[in-house]
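Visitor: Could you take me through this one? I would like to begin with the sheet.

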Amino acid sequence: EGAVRKAVAARRAGRGSQPAGCATTAMSLSRAAFYRGRDAVTRLEHGGCRVSLANCTAVLRAALERWEWPLGDTAPLTADQRVAVEQGLGPLLAATVTGTSFLKGEERTQAVLGMGTGPARAHLAMVEASRTGEVRARFQPTTAERVAAAVSASSTLHLHWSKVLYGNESPYVSIVALEEKGSRPGRVERLWNHAYKQSEQVPTSVFTRTELNEAGNDVLFCGGIAIQGLVDPRNPSRDPQQAVKALAGQVRKALASRAPLSKLLECNGAEWFNDALGLPSDRFAIMERGEDHTTASAYPIQMFCPCSPKRYALKLASAVANVDELFADEDNLEATCEFCNAKHVVTRELVSLTKKQLNT
């Protein structure tokens, strides 16, 4: 944890450090440095697979702060809150972001984590991510106890997974349930692997890691890897499932020994992958500006929600016939976003003006 804490401090101070095993070559210029330790997704292809690596540390911290979890307070998170973040919310975020990276343009994914079956099924948390790098999440602290129970016990865990894709009039939706006996860590990770197998029918292996500090009041790291098999029409004999199995085995071994995911706090994704698999340090490098070819690509991710007073004013103006009746004796109304918990003040004047614009 000490090494991770130093990396977090360096990142916050704007002094990205470079550890042993993550050396860059003379060919690695500004973009390699820009993505080192930053919240970002790196994509590359290796061994008949496409690979997505994500560092979501600052996004997870921002989401928890937005939903008013007690980060940074003298009182640490409760035991249930810690389990909820490390085994539930963090893995949900990392897996959603890595999966979304396989989309294109402005396509986006929404993943809702739930527990139970039938009418009693409860939605516990939601992450929405776009291929452009915008992420928002609904992580209500009031659900911490239920999230902790869902990821720790043998209850039915389910994933409501929808994707907005080009050319589709409505979102592609799948609901996948995972039933297990006993209690083992990593249920959300296994749920995502099960979802890819049942719904996508594309060989995929997902790894995630979320760590809080010892005091339980700050996020040290959140990230993930998704490995997906590719069909090569030039080599029909190659089995994508075997390719994923082989590469996932190498990554699993590296994660357990010399290349924990938390090194993404100091390396960019290409550097981490080179080090983890024992490849030459220049085997994968992030494309520089002006290059017409690349061995790896990257894009930043951030906590972002398009909610605003103007958007709420438009909704209110469209829904009510009389603005004065809506506001009664008040000049302002407070609206809270259901997706990110941001609070906005919507004025009578703004709604009235929007109503006039709609009527003209």
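Visitor: What is the order of the strands in the open sheet?

Guide: The five strands of this open sheet follow the order E8-E9-E2-E1-E10, and their pairing is antiparallel. Strands (E, at least two residues) and helices (H or I, at least four) are DSSP runs numbered from the N terminus, and two strands pair if DSSP finds at least two bridges between them. The model is predicted: local features need pLDDT of at least 70, side-chain atom pairs count only at pLDDT 80 or more, and totals for chains, interfaces and linings use all residues. Residues are numbered from 1 along each chain as its sequence is written, and side-chain values use heavy atoms, with hydrogens and water left out.

Visitor: Which strands stand at the edges?

Guide: Strands E8 (204-212) and E10 (296-300) do; each has a single partner strand, so one side of each is left without a neighbour in the sheet. On average, neighbouring strands are turned by 10° against each other, direction ignored.

Visitor: And which helix touches E1, E2, E8, E9 and E10?

Guide: Helix H4 (residues 79-100) packs on the sheet and touches those strands, where contact means heavy atoms within 4.5 Å. The direction of H4 makes about 140° with that of E8; axes are lines fitted to C-alpha atoms, for helices over the stretch in contact, and angles run from 0 to 180 degrees between N-to-C directions. Helix H6 (residues 187-200) lies across E8 and E9, at about 160° to E8.

Visitor: How many bridges join E1 and E10?

Guide: Five, in the antiparallel sense. Leu 44 has Ala 296 in E10 as its bridge partner.

Visitor: Changing topic, what does His 46 touch?

Guide: His 46, in strand E1 (residues 40-46), touches Leu 247, Phe 273, Leu 277, Leu 279, Arg 283 and Phe 284, not counting residues up to four places away in sequence.
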